[in-house]
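Please read the numbered points below beside the coordinates.

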Amino acid sequence: MIKNLDLSVELFGCMLKNPIILASGILGTTRNLLRMVSQNGAGAVTIKSISVDPRKGHPNPTVLAFGHGLINAVGYSNPGLEKAVQEFSDLHEIGCPVIGSIIGTCVEDFSRVAIEFDKLEFSALEVPLSCPHTPEYGKMGNQDNPDAVFRIVSAICSNTSKPLLVKVPPAANDLVEMALAAKAAGAYGITAVNTVGPGMLIDIDSGKPYLGFGMGGISGPAIKPLAVAAVFQLYKAVDMPIIGTGGVSTGRDVIEMIMAGASAVGIGTAVLSRGLSVFQEITEEIKQLLLERGVSSIADIRGLAHEV
Ligand SMILES: Cc1cc2nc3c(=O)[nH]c(=O)nc-3n(C[C@H](O)[C@H](O)[C@H](O)COP(=O)(O)O)c2cc1C
């Protein structure tokens, strides 16, 4: 194990021991799973997104690995606000900062979840406004545009004093405008990006799409260039912390995101492809890469790709 290299980063008023954050939707369904991820070395963890009412999500199959990542149409299955408040009522044993994720179909929904989450020990909240495969939510709910971002973020921020991260899609024409609207409405930072899509894969034997819902969101290595470009564009245009997420599966990918301008990095699909040890392993990979380059702190390389 490489010692004496400080990977800690300050984010939403917390000190993270490293910049690696568990992305929403992967293992973040229970307190126990969050604790397990934390014990395996994550700097912070995000819970699976929660709506006011319980959601069954889309029919199976909901997730498919296709060689370059995953395509999923989980459809925001979750136990609803009441059960989530019970599950996440005591977070002190997790051992790292926990981010609460809020979804809704109208500002009233977002506000109701924000009011309850404000009472819990979440260090920050996150709102994804960019899911590409769930009717009435994200892209399919027309939430991925500057006006909707402003309305939703204003509603959440007027009901909580916790720092809010707004999760955006990649490759949108108005990506920067969305981030500026989020900032104007009181958001703390941006998570870039959500899954990309909608995408579809067809089973040529049955002649039908593989996923129960047909279309899904793409994650993993296939989307990394889109995510890096989104982080790069946002860093240049908006003065807010960015959590670079999308296709990160190695220490090298983390460094790339940070050079594009990310303050921290989210990991989802790689937890499924590399296992829970991914957090510890990536941390070691980052240390090795920094040592090889004579870099002593993450801050020294943040935004490096922007220097001419
Ligand atoms: C199976 C699965 C479920 C997901 N569920 C959520 C979710 O509930 N809320 C959310 O904001 N993002 C969700 N995401 C998106 C991830 O948090 C992340 O933004 C995306 O997968 C890109 O990162 P990755 O390439 O590291 O997976 C989900 C992704 C996957 C693969």
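At what angle do helix H4 and helix H5 pack, and how far apart are their axes?

1. Helix H4 (residues 146–157) packs on helix H5 (residues 175–184) at about 25 degrees, and their axes lie 8 Å apart. Because angles under 35 degrees count as roughly parallel, H4 is roughly parallel to H5. Axes are lines fitted to C-alpha atoms over the stretch in contact, with angles from 0 to 180 degrees between N-to-C directions. Helices are DSSP runs of H or I with at least four residues, and strands are E runs of at least two.

2. The model is predicted, so local features need pLDDT of at least 70 and side-chain atom pairs count only at pLDDT 80 or more, while totals for chains, interfaces and linings use all residues. Residues are numbered from 1 along each chain, and side-chain values use heavy atoms, without hydrogens or water.

3. On the H4 side, Pro-146, Val-149, Phe-150 and Val-153 meet Glu-177, Met-178, Ala-181, Ala-182 and Ala-184 of H5, where contact means heavy atoms within 4.5 Å.

4. Leaving aside residues up to four places away in sequence, Val-166 touches residues including Val-149, Val-153 and Ala-182. Val-166 and Phe-117 have the most contacts inside the largest nonpolar core, which has 90 residues; such a core is a set of buried (under 20% relative accessible area, 1.4 Å probe, protein chains only) Ala, Val, Leu, Ile, Met, Phe, Trp, Tyr and Cys residues joined through side-chain atoms within 4.5 Å.

5. Four strands form an open sheet in the order S5-S6-S14-S11, with antiparallel pairing, and its edges are S5 (63–65) and S11 (196–199). Pairing requires at least two DSSP bridges; S11 and S14 (residues 216–219) have two, and Val-196 is the bridge partner of Ile-218 in S14.

Methods: Buried means under 20% relative accessible area, exposed over 50%, partly exposed in between (1.4 Å probe, protein chains only). Angles under 35 degrees count as roughly parallel, over 145 as roughly antiparallel, 65 to 115 as roughly perpendicular and the rest as oblique.
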